[in-house]
Amino acid sequence: MMDNFPVLTVEQLAGYSEKIIEEVEKAIVGKKETLRRLLAVFLSNGGHILIEDYPGLAKTLIANSFATVLGLQFKRIQFTPDLLPGDITGGYIFDYLQNKFVLRKGPLFTNILVADEINRASPKTQSALLEAMQEYQVTLEGDTLELPDPFIVVATQNPIEYEGTFPLPEAQLDRFMVKLRIGYPNPDQEQEILERRRLRKQDSIALNPVVSPQVFSAMRKTVEEVYIHPDVQRYIVDLVTRTRDHRQVAIGVSPRGSLALLKLTRAWAAMHGRDYVVPDDVKQFAHDALGHRIILEPSLWGSKTVENTVLDEVLQSVSVPVIPVEHE
């Protein structure tokens with residue numbers, strides 16, 4: 001990507017953001033709020049996404065749609081127990097025509113990667129993906145190869161089928177900036193899905209790029225310029241610290257969770273045309289960014305709702321700062 005592309009104003013970024021969401025909504029019905037949250041992650045440097053939801057809820061379609069609209073490359077890997085690290089990283093193969101080993105890059109070398117049913121892969125394969133997510137590089141035969149910029153993983157897992165799966169270790173869960181759910185459409189939205197398909201007369205949906213990779217890079221740079229008041233930063237720290245002291249939590253949120261909230265809130269503010277963060281931006285992403293980073297007491301491991309309850313209590317117990325309008 002071009003590094004000399006001018007930095008956009010937050011107003012320009014907000015305008016691009018709305019156009020991006022509008023274009024993606026041509027393929028995705030009734031999930032505007034979720035799409036906005038996903039765009040905030042895409043605009044945050046180092047953002048990866050874990051979507052845990054039932055089959056058939058357009059998880060792959062959402063990622064593919066964003067890749068098209070953002071002008072980025074897209075690839076998908078279906079994770080299975082017999083998938084090997086080399087299947088995703090690629091490797092060196094012998095080319096008889098050239099009489100030498102040549103590099104054949106795997107599907108990791110892309111901008112947006114969908115890791116479908118990531119928990120079905122073995123820990124060895126998951127560790128290969130972990131290096132890519134954290135270091136943005138792949139090591140093959142002692143050579144370190146840089147991944148494209150940006151590199152964003154959108155991983156999915158099914159919450160109802162655990163036979164033959166390898167649950168993600170906490171260290172890998174921590175690498176995901178957010179954990180989201182898509183949810184079922186309501187009856188009217190599902191009716192619209194059917195009507196759109198009838199009128200289209202085909203399964204595929206034609207979307208157009210709204211921004212170029214250079215503009216997307218500039219949008220990310222603009223997010224880095226968004227101001228966050230020290231009191232709001234302290235609010236993030238206090239929320240994270242409170243999770244570590246909660247009676248139902250064995251291990252609280254790591255500093256990586258604090259950084260995730262910092263990045264997400266700046267992106268969210270810019271998407272709404274503001275060059276500064278307010279406490280409500282933090283509340284917007286508290287559940288998405290912190291819930292999967294909490295390890296509950298062993299007696300609560302079977303519960304599906306305690307994480308949300310814990311975070312609700314944390315949000316209620318931490319005082320919200322009042323920041324002046326003049327933030328500079």
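Colleague: How do the axes of helix 1 and helix 3 cross, and at roughly what angle?

Modeller: They come within 10 Å and cross at roughly 130°. Helix 1 covers residues 10-24 and helix 3 covers residues 59-69. The axes are lines fitted to C-alpha atoms over the stretch in contact, and angles run from 0 to 180 degrees between N-to-C directions. Helices (H or I, at least four residues) and strands (E, at least two) are DSSP runs, numbered from the N terminus.

Modeller: A word on the source. This is a predicted model, where local features need pLDDT of at least 70, side-chain atom pairs count only at pLDDT 80 or more, and totals for chains, interfaces and linings use all residues. Residues are numbered from 1 along each chain as its sequence is written, and side-chain values use heavy atoms, with hydrogens and water left out.

Colleague: Which residues of helix 1 and helix 3 meet?

Modeller: I20, I21, E23 and V24 in helix 1 meet S65, F66 and V69 in helix 3. Contact means heavy atoms within 4.5 Å.

Colleague: New topic. How many salt bridges does the structure hold?

Modeller: There are 17 salt bridges. Each is a side-chain nitrogen of Lys or Arg within 4 Å of a carboxyl oxygen of Asp or Glu. E33, R37 and D288 are linked in a network of them.

Colleague: What does R76 pair with in a salt bridge?

Modeller: R76 pairs with D116, at 2.9 Å from N to O. R76 lies in strand 2 (residues 74-78) and D116 in strand 5 (residues 112-116), so the pair ties together parts 40 residues apart in sequence.

Colleague: Is D116 buried or exposed?

Modeller: D116 is buried, at 10% relative accessibility. R76 is partly exposed, at 41%. Buried means under 20% relative accessible area, exposed over 50%, and partly exposed in between (1.4 Å probe, protein chains only).

Colleague: And what about R196 and E192, how do their side chains meet?

Modeller: In a salt bridge, 2.8 Å from N to O. R196 and E192 are 4 residues apart in helix 7, so about one helical turn separates them.

Colleague: Which residues does the cis peptide bond join?

Modeller: D149 and P150, with omega about 5°. P150 is in the loop between strand 7 (143-146) and strand 8 (152-157).

Colleague: What is the phi of N99?

Modeller: Positive, about 60°, although N99 is not a glycine. N99 is exposed, with a relative accessible area of 58%.
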